[in-house]
Amino acid sequence: MPSVVITDGDLAMRNAIKRVLPNAHHRLCVWHLCRNAASNVKNPKMVSMFRKCMLGDYEVSEFKHRWEVMVKEFRLEENNWVKEMYEKKRMWATAYIRGNFFAGFRTTSRWEGLHGQLGKFVHSRHDLVAFLKNFGRFLEVLRYNELEADFESVRGDMVLETNLWTMGVKENAYEIRDGRNSIWDSVFDARCVYLDILCKKMNRMGGRSDTRFKEIKDWVSNKINLYSEEDKASGDVNENPTNQAGRTLKDPIRVGSKGCASGSSSQARRRPHKCRQCGVVGHNRRTCPLKRKFDAYIESGECEAEMSHISAQGVEFMDRIIDG
C-alpha cells in the first residue's frame with residue numbers, strides 16, 4: 001500500500017483516499033497551489049512569498065510567523081482561499097509534512113504525463129471488461145519500452161541526436177541493426193541482453209591466460225559455424241544488413257525549421273493571379289483596363305443615349321404584339 005499520495009486537491013479524490021488509503025499521507029500538488037494562488041490573489045509578490053512558506057524547511061513556529069507576516073502585508077485577512085489553505089496546511093507545508101518520504105516528488109506532472117499515455121488506450125466509453133483489457137495492453141507497452149531501453153543501453157551503439165534527428169532516420173537505424181522489417185520480440189531482446197552479460201564475464205575471465213583464450217575462442221568459433229549451418233538449413237539467414245543494396249546509416253537531410261527551402265520560395269509555388277473582370281493575368285479588378293474603359297463609356301453619356309434608343313424600340317415592339 002502506498003504511504004504518500006499527491007493530487008491536485010480534488011474533493012472526490014480526497015474522500016476516496018481517506019476511505020481506501022487511510023494511513024497514506026495526502027499531499028497537495030505544488031504547481032496547482034501556486035496556480036490557484038495566482039488566480040485567487042493575483043499578486044506575483046504574494047505568490048513568491050507563499051511558495052517560500054510552502055517549500056521552506058522551517059519549524060512550525062517560524063512557518064506561522066511568516067504566514068502571519070504575509071497575510072498582514074497583502075491584507076488577506078478576509079480572503080476565503082487564504083483561510084482555506086491555512087486550514088489545509090498539513091497537506092502542503094513542508095513544516096508539517098516533514099518526515100514523510102516523497103522521493104523528491106512535489107507535483108503531479110509525471111502522473112499527468114502518464115495519464116496522457118493511458119488515454120491512448122482507455123476511453124470513457126469502455127466498460128469494465130474493456131477497461132481491464134486495454135489497461136493490460138498499456139502495461140505491456142510500458143514494459144516493452146523499458147526492456148527496449150535497457151537493451152539499447154547494453155547492446156546498442158551511441159547515436160548523436162540533434163534537432164535534425166527524424167523518425168525516418170530512426171527507422172532506418174533500427175532496420176539496419178535488426179536486418180529485418182519486423183518488430184523486435186521482447187523475449188529475443190531479453191535473451192540477447194543476458195547473453196551479452198555472460199559474454200562480458202567470460203571475456204574478463206578468458207583474457208587472463210592464453211590457455212583460456214584459445215579454449216574459449218575455439219569453442220565460440222565452432223558454435224558460430226554450427227549455428228550458421230543450422231540457420232542456412234532452416235532458411236533463417238540474417239546476412240550483414242549493411243551490405244543490403246548498399247544501404248548505410250547516413251546523416252539526415254538538413255531541413256530548415258522556418259521559411260521555405262532555398263530555390264523554392266512561396267511566390268514561385270503560388271498560382272498566377274487573374275483579374276476577376278477580364279480573366280487576364282497581371283492586374284486585378286480595380287486596375288483592370290477593361291473596367292476603366294467601361295467606366296469612361298458610362299461617364300461619357302453615350303450609354304444613356306443608346307439605352308434610350310433601345311428602350312424606345314422595345315416599347316414599339318411590345319405595342320405591335322399587343323395590337324396584332
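A residue counts as partly exposed when its relative accessible area lies between the buried class, under 20%, and the exposed class, over 50%. With that scale in hand, let us walk through this predicted model.

Cys53, by contrast, has a value of 3% and is buried. A disulfide is a covalent bond between the sulfur atoms of two cysteines. The structure holds zero of them.

Next, turn to helix H2, which spans residues 30-40. Its buried residues are Val30, His32, Leu33, Cys34 and Ala37. An α-helix has 3.6 residues a turn, so residues three or four places apart point the same way. After H2 comes Lys42, with a positive phi near 60 degrees.

Now for the surface. Leu128, Phe131 and Leu132 make a nonpolar patch there of about 300 Å². Phe131 belongs to helix H8, residues 128-155. At 31% relative accessible area, Phe131 is partly exposed, and a patch member needs over 30%.

Charge gathers on the surface too: Lys200, Lys201, Arg204, Arg208 and Arg212 form a positive patch. Helix H10, covering residues 186-206, supplies the largest share of that patch, three residues. Arg212 sits in helix H11, which runs over residues 210-234. With a relative accessible area of 41%, Arg212 is partly exposed.

Definitions and conventions. Residues numbered from 1 in each chain as written. Predicted model: local features only at pLDDT ≥ 70, side-chain atom pairs only at ≥ 80, totals over all residues. Heavy atoms only, no water. Disulfide = S-S within 2.5 Å. Buried < 20%, exposed > 50% of the residue type's maximum accessible area, 1.4 Å probe, protein only. Patch = residues over 30% accessible without salt bridge, like charges linked within 9 Å, V, L, I, M, F, W, Y side chains within 5 Å. Areas by Shrake-Rupley, 256 points an atom, 1.4 Å probe, with all protein chains shown as cover. Salt bridge = Lys/Arg side-chain N within 4 Å of Asp/Glu carboxyl O. Lys, Arg positive; Asp, Glu negative; His and termini not counted. Charge placed at Lys NZ, Arg CZ, Asp CG, Glu CD. Helix = DSSP H or I, 4+ residues; strand = E, 2+ residues; numbered from the N terminus.
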